Amino acid sequence: MSDSLCAQSVRITGHAGDEIEAYVARPDDDGARGGVVVIHHMPGFDRATKEIVRRFAELGYDAVCPNLYWREAPDAAPDDAAATARARGGVPDERLIGDVGAAAHYLRSLPTSNQKVGVIGYCSGGRQSVLAACNLDLDAAVDCYGAFVVGTPPEGFPLQVTNLVDQLPNLRAPLLGLFGKEDSYPSPEQVAELDEILTANGKPHEFHSYDDAGHAFFAVDRPSYRVAAANDGWERITAFYTTHLGG
């Protein structure tokens, strides 16, 4: 744990050489440590996401969150940027992989890096965390209630996404999944399907599903927040990253 942190907005070189905004938080010491790429939820690059980035720094990691909506709406308020991105169908998978790969490269280039990098995502970012772990060399991945890793988006869904069933055999990192039993996307049945696919392909993973929790139970600023589930989830994330990234 670190009581002294440094946090700031920076620019990193993302997919296709684009310069994008990112938020970085780091412990204020020189010890070697792992890194965490935080993928923000659909509401965007907001205050709650930046608090999560700082929490990983407090836990002893270098952490970075790329602003996935920067190209659509640079310098816009999070809600406006998210609305613009949704209207354009969301973040293309290829670009997401490029931006997360750039963020991982940024972390590994830091003088404090032990060269181990994990990824975590919430909501749409949960799916994108799995997507990144199927396509990039990462050391650990966390999926917090990511929809459409399996399953099919309903008619009229605003984002142009497909499931990742065909990519799951390529998963390159251990996966921790945290889900609510009252969620619809992903539903308990979809979580079970994902578990079966990963098991059949010999992919290391551990899933935990919480009673009395639906979607976005980590979101402290929303009615969906569930204290017990979120607290247990954070304990599991901490233990998982300690194992795979170093503590």
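In helix 1, the buried residues are Ala48, Thr49, Ile52, Val53, Phe56 and Ala57. The model is predicted. Helix 1 covers residues 47-58, and helix 5 covers residues 188-200. The points below take each helix in turn.

**Helix 1**
- Helix 1 has 12 residues, which at 1.5 Å a residue should span 16 Å; the C-alpha atoms at its ends are 16 Å apart, so the two values agree.
- The strands that the buried residues of helix 1 pack against are strand 1 (5-13), strand 2 (19-27), strand 3 (33-39), strand 4 (62-66) and strand 5 (113-122).
- Helix 6 (227-245) also packs against these buried residues of helix 1.

**Helix 5: length and faces**
- From first to last C-alpha, the 13 residues of helix 5 reach 18 Å, close to the 18 Å expected at 1.5 Å a residue.
- Gln190, Val191, Leu194, Ile197 and Leu198 are the buried residues of helix 5.
- Viewed down the axis of helix 5, these buried residues fall within an arc of 125°, so they line one face of the helix.
- Glu189, Glu196 and Ala200 are exposed on the other side of helix 5.

**Helix 5: partners and end**
- Strand 6 (140-144), strand 7 (175-180) and strand 8 (205-210) pack against the buried residues of helix 5.
- Just after helix 5, a positive phi of about 70° is found at Gly202.

Note on methods:
Residues numbered from 1 in each chain as written. Predicted model: local features only at pLDDT ≥ 70, side-chain atom pairs only at ≥ 80, totals over all residues. Heavy atoms only, no water. Helix = DSSP H or I, 4+ residues; strand = E, 2+ residues; numbered from the N terminus. Expected span 1.5 Å × (residues − 1). Buried < 20%, exposed > 50% of the residue type's maximum accessible area, 1.4 Å probe, protein only. Contact = heavy atoms within 4.5 Å. Arc of directions from axis to C-beta.
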